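The report that follows reads through one chain of a model and its contacts with a partner chain. Please keep the sequence and the coordinates open alongside the text.

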Amino acid sequence: MEDTPILASQLAETISLWIGALLTLMIFSFLYKDNPAYKFAEHLFVGVSAAYWMTVGFWTTLIPNLMARLFPSHMGRVFPVAVGNDPEYFYIVPLVLGILLLMRLYTRLAWLSRWAMAFIIGFAAGTNFTRYLQSDFVTQIHSTMIPLYEPGGSVASTVGQTFSTLVVVIGVICALIYFYFSKPHTGAFGKAARVGIWVLMAAFGASFGYTVMARVSLLTGRMSFLIRWVQSIF
Amino acid sequence: MEEEKRRVTWYEALGALDRRVIFLLIALAVIIPLIVHYTTTIPPSEIVTDLFDAVENLPPGSKVLMSFDYGPSTAPENQPMATAFTRHCFEKGHRIYMIALWATGPRQSQELIEDVVEGEFEGKVHGEHYIHLGYKAGNQGLINALLSDFKSMYTTDLAGVDIESFPMMEGIDDLRDFDIILAIGSGFPGTKEWVQFAGDPGDIPVGGGTTAVMAPLLYPYYPKQMLGFLGGLQGAAEYEAALMDHYPKYRDMSRAASTSMGPQVTAHLVIVGFILIGNLTYLMEKRKKRKF
């Protein structure tokens, strides 16, 4: 009798392995040509993903962070930790905004959702603006202002460091010049812009290389899974 | 009227190669090394060594916030990073706090707990040495909120147990109470947002790992705004190599990233080969057109 849960868990693992393998093969079949098996797997993925995100969001955010704060004494069955806490009525504001957002589903009152949308956009724009300004602008400028010569290391490391720094500084300046369109790209300015294009091309090339590595990594993961599946059969 | 038969040149034939032949060759380049267990060891680069040293030099018992901002779709790249970080943190006696900005993240951290924590570190207890806090919605807004009040957002662990009942949650009021943030991500929100919304405004050391696609976006943050990071599978393999150098017992244990680097090398060689062939056929065709 004690073996039953182990057998059940092994059976569940085998079934999930088969489902995963067959769905993987259905998706891969697109590489040959578009077909109903691929479409089925694709639609299944979209549906399951949407349901998963909605369910997780409901149970991990909406219940503990909203309902449990507004109605703690009614949470006995779903969120017992909150029972006994005082209600926090301030959370009526996000509740109302959330309901307004859902008004999009009702054409006649859809305009009400704009208020909630305005709140979301305003909050996101405000917080993102300050954070991007600090992290991606001010600090990045500061990070580019680096000494060309740093004493203390060996000759080879100092030369290497200085070369790296020059590449960064010249690369940044030339790339910025390329995006400056208020002056014709002629003469020395045009040559610097040309260097800027090369810097951008190098960056795009590196980015492409990384993308290839990422895709091959994912393919390796799927192939390892399929090999495991085949091994489980034989 | 009979059409004159034209001989197809070798470069024309290569130029018109069916894309499915390329897919097949790439698949073989990945499958064969996996079957023959071809692996490569990648020496740790400076950017990975810096992060490794940062974790290594923290005093035992340090509080490490690990964020799982990815899902099963990028697990082959991200999960080896999480495994390597967890092994390293527990070897050093650090405490791990697991959270997620992605709804799919908790499943990945649960897998990590089952495979690595329970499988390799039997003495580690939930709530004492590590805690699984799960996912919360809000993206960068969540990080913003955690920076000012951690427990207003996380009131329970993933199982719904009151957060105040765990000894390791004592003294955690906001993100500044963590000694380091290790963000493992594959997109938005992810490692970049941890730098922008926690590391920079809170002056909190941030490191982590990202998928290779995201890696070029994070290089500008190193070394001023990030301690270091693992760029894709190669970064994870480098961290595994650093871990092996310091803790030789991991030489005989599973190393998912290093194992996957073999197929990576062969697949890249095939791709480079096709790029060269593509350029060669283009140049030959151009030369032929010039002749006529």
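Predicted model: local features only at pLDDT ≥ 70, side-chain atom pairs only at ≥ 80, totals over all residues.

## Overall build of chain B

Chain B has 292 residues, of which 45% count as buried. Among the contacts in chain B that have a separation of 6 or more, 76% are accounted for by residues 24 or more positions apart.

## The side facing chain A

Between the two chains, 43 residues of chain B are in contact with 37 residues of chain A. On the chain B side, the elements that contribute two or more residues each are the helices α2 (19-36), α4 (75-91), α6 (139-148), α8 (191-202), α9 (215-218), α10 (232-246) and α11 (256-291), together with the strand β3 (130-135). Sorted by class, this side of chain B consists of 21 nonpolar, 16 polar and 6 charged residues.

## A helix crossing between the chains

One pair of helices that meets across the two chains is α6 of chain A, residues 187-233, and α2(B), whose axes come within 10 Å and cross at roughly 55°. Because of that angle, α6(A) counts as oblique to α2(B), and the crossing in which α6(A) passes α2(B) is right-handed.

From α6(A), the residues Val216(A), Leu219(A), Thr220(A), Met223(A), Ser224(A) and Ile227(A) take part, and they meet Val30(B), Ile31(B) and Leu34(B) of α2(B). The residues of this contact divide into 7 nonpolar and 2 polar, with no charged residue.

## A helix crossing within chain B

Inside chain B, the axes of helix α3 (residues 46-56) and of α10(B) come within 10 Å and cross at roughly 50°. That angle makes α3(B) oblique to α10(B), and α3(B) passes α10(B) in a right-handed crossing.

On one side of the contact stand Val48(B), Thr49(B), Phe52(B) and Glu56(B) of α3(B), and on the other Gly235(B), Glu238(B), Tyr239(B), Ala242(B) and His246(B) of α10(B). By class, the residues of this contact are 4 nonpolar, 3 polar and 2 charged. Helix α10(B) is also among the elements that give two or more residues to the side of chain B touching chain A.

## The covered helix α8(B)

How many of the residues of α8(B) are buried? The helix is mostly covered, with 10 of its 12 residues buried. The buried residues in α8(B) are Thr191(B), Lys192(B), Glu193(B), Trp194(B), Val195(B), Gln196(B), Phe197(B), Ala198(B), Gly199(B) and Asp200(B). After α8(B) comes Asp203(B), which has a positive phi, near 55°.

Asp179(B) lies in the loop that runs between α7 (150-153) and β4 (180-185) of chain B. Is Asp179(B) buried, exposed or partly exposed? Because 17 other C-beta atoms lie within 10 Å, Asp179(B) is partly exposed.

When neighbours within four places in sequence are left aside, the residues in contact with Asp179(B) are Leu58(B), Ser62(B), Lys63(B) and Val64(B). Thr83(B), by comparison, is 96 residues from Asp179(B) in sequence, and the two are 19 Å apart in space, taken from C-alpha to C-alpha.

How values were computed
Residues numbered from 1 in each chain as written. Chains lettered and ligands numbered in written order. Contact = placed C-beta atoms within 7 Å. Helix = DSSP H or I, 4+ residues; strand = E, 2+ residues; numbered from the N terminus. Nonpolar A, V, L, I, M, F, W, Y, C, P; charged D, E, K, R; others polar. Axes fitted to C-alpha atoms, helices over the stretch in contact; angles between N-to-C directions. Parallel < 35°, antiparallel > 145°, perpendicular 65-115°, else oblique. Left-handed = near helix turned anticlockwise from the far one by under 90°. Buried ≥ 20, exposed ≤ 12 C-beta atoms within 10 Å, placed from the backbone.
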